[in-house]
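These are my notebook entries on a single structure. I kept each entry to what I looked up and what I found.

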Amino acid sequence: MSRTGNTCPGCARDDRVQAVPAVYLAGRDAVTSRERDRDGDMRTVTRRVTTGLSDALAPVPTAPAHAIGLLGFLSGFVCVASFMAWVFVGGALEDDEAPEADFGAFGPPPADLGPDLGFTGWLSAAALGVTLLVVLEVRRRKTAFAHRTRGRHRAEELWSHGWYCHRCGTVHLEGVPGEDRTPLTLQRFREKVWEHGGYGDLAAEQRAVDAVRS
Ligand SMILES: [Zn+2]
């Protein structure tokens, strides 16, 4: 640990005190290692490793994972699969009677479809509609999240004054006007930082302790 001249108010020692941004970044590494794969051959594997401590000290919430993204993926798959069935099995684009006629990119009207596969064109169109709706909704949520965390620079400013003691597991603030050096739990520190950014209520949903456990 780097010596900071910055004693921990909990244990009155400075040998295990480290700046919060340093702890945060040190816990987010790409680790490369040599591993044996299933066939017994050695290969080089690079993984992104994030420690629970690093997650607990994050200045900004993680963007919520969207189950709706999975729906978009599935409807996209159904769209492509049913379109293929429509074209290749249903013969929607075959125009054997008038090869020179120009029907545009989508070929002749699917009047000659078999009765069994006519629905695949409609299914494909419906799935395409669902996929587009999902894409729009995901974009809307992304924008909303960016808007929600637009005060992150204020949060990061306070965050950068935090010092973590590896012995006590607490953070204290140093050199912030109006803030004393009381040792804070990870959750209390998160609440303070996130409140500064204007998204303090998210600290109740994404608890620092849960990040350490995971
Ligand atoms: Zn300490």
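**Entry 1. Overall layout**

In what order do the elements of the protein chain run from the N terminus on? I read the order as β-α-β-β-α-α-α-α-β-β-α-α-α. That gives eight helices and five strands for the protein chain. I note at the outset that the model is predicted.

Of the 214 residues, 34% count as buried. Among contacts with a separation of 6 or more, 57% are between residues 24 or more positions apart.

**Entry 2. The zinc site**

Which residues coordinate the zinc ion? I found the SG atoms of Cys8, Cys11, Cys165 and Cys168, at 2.2 to 2.4 Å. The angles among the four donor atoms run from 106 to 114 degrees, and the site is tetrahedral. Along the chain, the donors are spaced as C-x2-C-x153-C-x2-C.

I next asked which parts of the chain are tied together by cysteine 11 and cysteine 168. Cysteine 11 belongs to the segment before strand 1 (17–19), while cysteine 168 sits in the loop between strand 4 (162–165) and strand 5 (170–173). The pair therefore ties together parts that are 157 residues apart in sequence.

Cysteine 165 is buried, because its relative accessibility is 1%, and the cut-off for buried is under 20%. Cysteine 11 is partly exposed, with a relative accessible area of 22%. Cysteine 168 is likewise listed as partly exposed, at 32% relative accessibility.

With cysteines in view, I looked for disulfides. A disulfide is a covalent bond between the sulfur atoms of two cysteines. The search of the whole structure returned zero disulfides.

I then examined the pairing of strand 4 with strand 5, which is antiparallel and extends over four bridges. Tryptophan 163 has histidine 172, in strand 5, standing opposite.

**Entry 3. Lysine 192**

I listed the contacts of lysine 192, leaving out residues up to four places away in sequence: Leu158, Leu173, Glu179 and Leu184.

**Entry 4. Alanine 12**

My last look-up concerned backbone torsion. Most residues other than glycine have a negative phi. Alanine 12 is not a glycine, yet has a positive phi of about 60 degrees. I located alanine 12 in the segment before strand 1. With a relative accessible area of 59%, alanine 12 is exposed.

Conventions
Residues numbered from 1 in each chain as written. Predicted model: local features only at pLDDT ≥ 70, side-chain atom pairs only at ≥ 80, totals over all residues. Heavy atoms only, no water. Donors = N, O, S within 2.8 Å, 3.2 Å for Na, K, Ca; no water. Tetrahedral: all angles 85-135°; square planar, octahedral: opposite > 155°, others 65-115°. Helix = DSSP H or I, 4+ residues; strand = E, 2+ residues; numbered from the N terminus. Buried < 20%, exposed > 50% of the residue type's maximum accessible area, 1.4 Å probe, protein only. Disulfide = S-S within 2.5 Å. Pairing = 2+ DSSP bridges. Contact = heavy atoms within 4.5 Å.
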